[in-house]
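Let's take a walk through this model, starting with some aromatic rings and ending at a strand.

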Amino acid sequence: MSSFLTFYGHKVTSICILINVILTCLNSVIFANISVVQLTNSNFDHFVSKYELVFINFYADWCRFSQILAPIFEESFQKIQNEIPDANRVLLAKVDCDAESELSQRFHISKYPTLKLVRNSQVAKKEFRGQRSAQAIFDFVKEQLSDPVEKLKTIDKLDAIDEKKTAIIGYFDLSPESAVEYTLFRRVATDLKDDCKFYWLYEEASKSHPHSGKSNFVVHKPARSRPGEKDEIFPSFLANYNELSKWASNKCISLVREITFENAEELTEEGLPFLILFHHPDDTASVDLYTKTVHEQLQNEAHSVNFLIADGIKFAHPLHHLGKDKKDLPLIAIDSFRHMYLFPNFEDIKIPGKLRQFVSDLHSGKLHREFHFGPDPTTQQQQDDSGVKATSPPESTFKKLAPSSNRYTLLRDEL
């Protein structure tokens, strides 16, 4: 009997091994055939609603840059499948913009390939502009899945907050009742992680805040570049995503932003002229004065001008084109993407309405007109009296930081 069982036991074991081998092979074939999902107008919303993060390649088959990216994007997909297998967390997808023109228009695609991120069914403002490699795409996706809220256990940790960036601080207890509020807070933090720093202060630390009598509240801590603003508590209950999102967006997205080599392409693509303060990195006083003046005089110009600050040491090239160098800092200029125009004297920013008039002269065409045809008659008399010469603005330098034709197929020459 034992020999019988041994014989059939070995036989059953062999069959099980064979079945496992077959299943493994089938799984390998199945997963090998899994590919980046092709999105269409009819299935787009269905797929986007199912995943926390959807990373989309908007492409055209005839575009050589799209052709180069296609196998890299597939490789990224396989890497993500292997290393981030969690269900409904990440989807890599693609849209054929020639076949899906409605989707292309919906997302304002102006160049191929364009890589956009959809997080919790909301399109992120910023495109992916990093290295076009499987590892870089994987690292980007993994970073996007990281917790956007930094947890602070003690009140003294607040002193370590980077003053250069606006902070939104959630004061939460650790009871189950706080779960809903924290989930809402984390969702807003995910949406605005590129614009703000988000912190969660534990219960014990929360008790030291003036509003500690209120359970589960959120506070805005302004950045150093926004002088005159004080800490402000979210005025409503933490129950409505839209309310908290709107409030946090207003606090996080500054009227005056810093331009860097990393975000210059993105800012340039917005297509708005730049009003830029070039300053020494150690000079905070001019940044504060410029920011205060922009807020006081130019709030209603936010739709037509980008208000920026730039490190005058790092951005020495534009200064050189203006005939200036670091010893001339701080100074203010407009880059219209045709020419650069220099604000005559930084100290004139203190004259009420002077900076606003400089921007108005751009819109009216006066700056451009005077460049080509000389000063207007009224201006000429003023200059004769003051001895100030008419400006001779150089060509735009920031236009050269716009999306490159060596990286994209540009659909329109708008920049």
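Start with F55 and F128, which are both buried (buried means under 20% relative accessible area, exposed over 50%, partly exposed in between, with a 1.4 Å probe and protein chains only). Bear in mind that this is a predicted model: local features need pLDDT of at least 70, side-chain atom pairs count only at pLDDT 80 or more, and totals for chains, interfaces and linings use all residues. Residues are numbered from 1 along each chain as its sequence is written, and side-chain values use heavy atoms, with hydrogens and water left out.

Now look at F128 and F140: they form a tilted aromatic pair, 4.9 Å centre to centre with 55° between the planes. For Phe, Tyr and Trp (its six-membered ring), rings pair if their centres lie within 6.5 Å; planes under 30 degrees apart count as stacked, over 60 as edge-to-face and the rest as tilted. F128 sits in the loop between β6 and α5 while F140 is in helix α5, so the pair ties together parts 12 residues apart in sequence. Helices (H or I, at least four residues) and strands (E, at least two) are DSSP runs, numbered from the N terminus.

Next, head over to strand β15 (residues 331–335), where 5 of 5 residues are buried. L331, A333 and D335 point one way, I332 and I334 the other. β15 pairs antiparallel with β13 (residues 274–279) over 5 bridges and with β16 (residues 340–342) over 3 bridges; pairing requires at least two DSSP bridges between the strands. A333 stands opposite I276 and also opposite L342 in β16.
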